[in-house]
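The following exercises concern the structure shown below. Each consists of a task and a worked solution.

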Amino acid sequence: MGAADAVPGVSGGTIALITGIYERLVAAITAIDADRIRRLLSGLNPRNLPDARAAFLEMDGPFLLVLGVGIMTAVITVLRTVVFLLDTVPVATFAFFFGLIGASAIVLFADLSLVTRGQKAAAVTGFLVAFLLSGETAAGADSGGLLVFVAGAIAVSAMVLPGVSGSLLLILLGQYEYMSRALEGFVDALFGLGMGGSTAAVLETAPPVIIFLSGAVVGLFTVAHGVRYALARYRNATFAFLVALVAGALRAPVVQADLALSEAGRSWTPSVLATFLAAAAVGAAIVLVLDHYAGVMDYYSEEQSI
């Protein structure tokens with residue numbers, strides 16, 4: 001799941017479906033609430049340990065803890081590779097992302113229902129939001145604390161959505177590359193501290209990571225629950241919005257590839273275009289293989305309209 005969450009277009013929720021832990025994951029995430037967190041923290045007092053242990057188990061804490069360690073390990077490893085590729089072959093990297101996103105949109109659109117006016121309106125809205133936002137943010141969005149916080153809150157919602165990538169949502173908000181580099185710098189600083197370095201580098205690189213994780217925690221209590229509610233009440237319209245969001249986001253990697261070419265003093269030549277298409281084909285193939293084994297669309301098969 002961590003490896004999938006680290007690249008745009010592939011959803012950690014899809015991997016959860018493949019491995020058979022999706023329903024347990026959703027149940028565990030939505031079981032986290034303020035009261036259980038309070039009871040868990042009360043375990044700092046030895047007299048409250050039994051109740052804290054009970055709260056931990058009610059949230060399926062052992063499962064989330066092990067899963068979280070695995071996800072973070074993979075995210076850190078994969079993002080280091082992504083940062084290297086963005087520095088060395090940016091056009092091919094963004095083309096790979098384009099293929100991932102494009103194939104995801106095709107797979108999801110295959111069973112999309114656009115029968116009612118509400119569903120059609122939701123689809124148009126989703127596409128326009130993603131298309132307009134991805135163009136602006138890809139061209140260079142601010143990475144201030146508030147936006148990073150919001151990005152964390154929104155990206156975490158993808159954990160409960162098979163087929164929708166958290167990294168894709170970060171691209172929409174223009175925070176994917178920024179957070180990839182921020183996390184790499186923070187991890188390097190931590191390793192440096194372990195090797196006898198000073199705490200100055202850790203303190204300098206920590207703020208964006210802490211802000212992002214704070215947003216993710218808030219997202220668990222708000223965005224993720226809101227998405228689950230929308231899917232339960234207005235499944236087809238919500239799904240139409242999400243699928244259109246994926247389709248509209250195809251603009252982002254193209255704009256970013258164009259910016260990378262401009263910064264390098266290059267332009268779209270036949271050879272560059274061929275490289276872009278080849279890398280995109282590889283990304284698309286990965287999504288199609290994953291979908292073949294995941295059966296993502298089974299999750300959205302229940303009919304409900306507005």
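A nonpolar core is a set of buried Ala, Val, Leu, Ile, Met, Phe, Trp, Tyr and Cys residues joined through side-chain atoms within 4.5 Å; buried means under 20% relative accessible area, exposed over 50% and partly exposed in between, with a 1.4 Å probe and protein chains only. The model is predicted: local features need pLDDT of at least 70, side-chain atom pairs count only at pLDDT 80 or more, and totals for chains, interfaces and linings use all residues. Residues are numbered from 1 along each chain as its sequence is written, and side-chain values use heavy atoms, with hydrogens and water left out.

**Exercise 1.** Identify the residues of the largest nonpolar core that touch the most other members.

Solution. The core has 50 residues, and those touching the most other members are Met1, Leu25, Phe97, Tyr176 and Phe212. Helix 6 (residues 61–88) supplies the largest share of this core, 7 residues; helices are DSSP runs of H or I with at least four residues, strands are E runs of at least two, and both are numbered from the N terminus. Another core, of 17 residues, lies apart from the largest one and includes Ala130, Leu168, Leu169 and Val246. Over the whole protein, 46% of the 306 residues are buried, and the secondary structure comprises 16 helices and 0 strands.

**Exercise 2.** Determine how helix 7 and helix 15 are oriented to each other.

Solution. First, take the axes, which are lines fitted to C-alpha atoms, for helices over the stretch in contact, with angles from 0 to 180 degrees between N-to-C directions. The axes of helix 7 (residues 90–109) and helix 15 (residues 251–263) come within 9 Å and cross at roughly 175°. Next, apply the classes: under 35 degrees is roughly parallel, over 145 roughly antiparallel, 65 to 115 roughly perpendicular, and the rest oblique. Finally, list the contacts (heavy atoms within 4.5 Å): Pro90, Val91, Phe94, Phe97, Phe98 and Ile101 of helix 7 meet Pro253, Val254, Gln256, Ala257, Ala260 and Leu261 of helix 15.

**Exercise 3.** Is Gly12 buried or exposed, and which residues does Gly12 touch?

Solution. Gly12 lies in helix 2 (residues 12–19). With a relative accessibility of 1%, Gly12 counts as buried. Not counting residues up to four places away in sequence, Gly12 touches Met1, Ala4 and Asp5. The C-alpha atoms of Gly12 and Ser167 are separated by 9.8 Å, although the two residues are 155 residues apart along the chain.
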